[in-house]
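Colleague: I would like to go through the terms used for this model and see what stands behind each one.

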Amino acid sequence: MTPETSLTNQPLHLTQRPRRLRRTATVRRMVRENHLTVDDLIYPMFVMEGEGQKIEIASMPGCYRFSLHLLVKEIASAFELGINAIALFPVISEQKKDDNGTESYNPDGLVQQTVKAIKQAIPEIIVITDVALDPFTTHGHDGLVDEKGTILNDPTVEVLVKMAVSQAAAGANFVAPSDMMDGRVKAIRQALDAAGYIDVGILAYSAKYASAYYGPFRDALDSAPKFGDKKTYQMDAANAREALKEVELDIAEGADIVMVKPALAYLDIINQVRNATQLPVAAYNVSGEYAMIKAAAQMGWIDEKQVILETLTSMKRAGADLILTYFAKEVALMLK
Ligand code: PBG
């Protein structure tokens with residue numbers, strides 16, 4: 001077909017016209033490949049000590065640290081919107097922190113008390129607890145540290161095991177090791193089984209990168225490392241094959257769900273992990289990803305709702321089954 005023909009208003013005779021499938025909203029819906037649903041969402045939440053506290057996190061507008069009773073109320077309203085699962089993170093006061101993070105496995109600690117209260121109020125909701133030492137250590141690292149500042153692997157795993165078992169005892173449905181120590185999934189699985197918690201699952205932060213996108217979360221918990229960085233345990237942002245190795249190890253060690261974190265700058269990793277396993281894959285839409293959208297929206301530079309949906313849909317398209325996101329409640333409302 002020469003250009004002259006179309007200028008004379010003769011139709012082009014094309015065998016394929018992809019635009020046919022985009023003509024109307026109903027056709028687009030009929031051929032849509034991926035769907036974001038409320039069932040995909042896990043809502044990460046921050047619990048703090050005290051009574052009647054609801055404090056907004058400066059770098060995460062719309063996200064709060066709640067004291068226990070207000071947190072339970074917030075979870076009840078999320079559950080009513082159809083959100084099935086929450087991931088819990090504690091804000092621990094400085095007096096309770098020490099170098100070894102011993103408060104992490106206190107049976108009456110903030111996390112343990114909170115899990116009990118949530119399960120009592122809303123038994124059906126899935127409670128996922130974070131297994132890592134950073135909220136509990138004075139130095140802010142996810143593990144125990146020696147005199148030279150080295151993060152010790154095996155001694156840390158021993159503490160993580162106690163922490164995971166105490167969370168299971170409190171009623172957690174899944175424990176989520178986010179520390180990136182070697183061998184922790186295996187050790188936690190064995191300890192849970194030995195203590196009789198065979199039905200408590202492990203959501204493993206398998207490919208967790210040393211990322212600048214965690215900044216606002218560390219503000220929220222006041223947990224930024226006091227020295228050095230997390231690059232000797234969290235992964236190098238430049239690596240992809242290593243993520244597949246980490247996933248393979250975690251599965252061999254007993255993970256039920258594997259996670260990639262952060263999500264947006266790592267969509268290729270989500271996709272590769274999706275193709276490498278039959279397990280559910282979770283993606284963590286982290287604090288910095290949240291903050292960027294909120295900031296641009298506050299400036300009036302982007303359409304917040306559309307950008308949120310497009311961003312989370314990209315994670316589904318990449319292959320995530322589950323998305324941990326601070327937008328969970330907003331999205332549940334939008335999808336209603
Ligand atoms: C703790 C932990 C972190 C996040 C989840 N669990 C921070 C870190 O590793 O420094 C980050 C979550 C977010 O940024 O939204 N190990």
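Colleague: What makes the contact between the side chains of Lys316 and Asp40 a salt bridge?

Modeller: A salt bridge needs a side-chain nitrogen of Lys or Arg within 4 Å of a carboxyl oxygen of Asp or Glu. For Lys316 and Asp40 the N to O distance is 2.8 Å, so the pair meets that definition. This is a predicted model, in which local features need pLDDT of at least 70 and side-chain atom pairs count only at pLDDT 80 or more, while totals for chains, interfaces and linings use all residues. Residues are numbered from 1 along each chain as its sequence is written, and side-chain values use heavy atoms, with hydrogens and water left out.

Colleague: Which parts does the pair of Lys316 and Asp40 tie together?

Modeller: Lys316 belongs to helix α11 (residues 304–318) and Asp40 to the loop between α2 and β1, so parts 276 residues apart in sequence are tied together. Helices (H or I, at least four residues) and strands (E, at least two) are DSSP runs, numbered from the N terminus. Both Lys316 and Asp40 are buried.

Colleague: Why are Phe46 and Tyr326 called stacked?

Modeller: Rings of Phe, Tyr and Trp (its six-membered ring) pair if their centres lie within 6.5 Å; planes under 30 degrees apart count as stacked, over 60 as edge-to-face and the rest as tilted. Phe46 and Tyr326 are 5.9 Å centre to centre with 15° between the planes, so the pair falls under stacked. Phe46 lies in strand β1 (residues 41–48) and Tyr326 in the loop between β12 (322–325) and α12 (328–335), so the pair ties together parts 280 residues apart in sequence.

Colleague: How do you know whether Phe46 and Tyr326 are buried or exposed?

Modeller: Phe46 is at 1% relative accessibility, so Phe46 counts as buried. Tyr326 has a relative accessible area of 3%, so Tyr326 is buried too.

Colleague: What makes the pair of Tyr284 and Tyr326 tilted?

Modeller: The ring centres of Tyr284 and Tyr326 are 6.1 Å apart and the planes stand at 45°, so the pair is tilted.

Technical notes. Buried means under 20% relative accessible area, exposed over 50%, partly exposed in between (1.4 Å probe, protein chains only).
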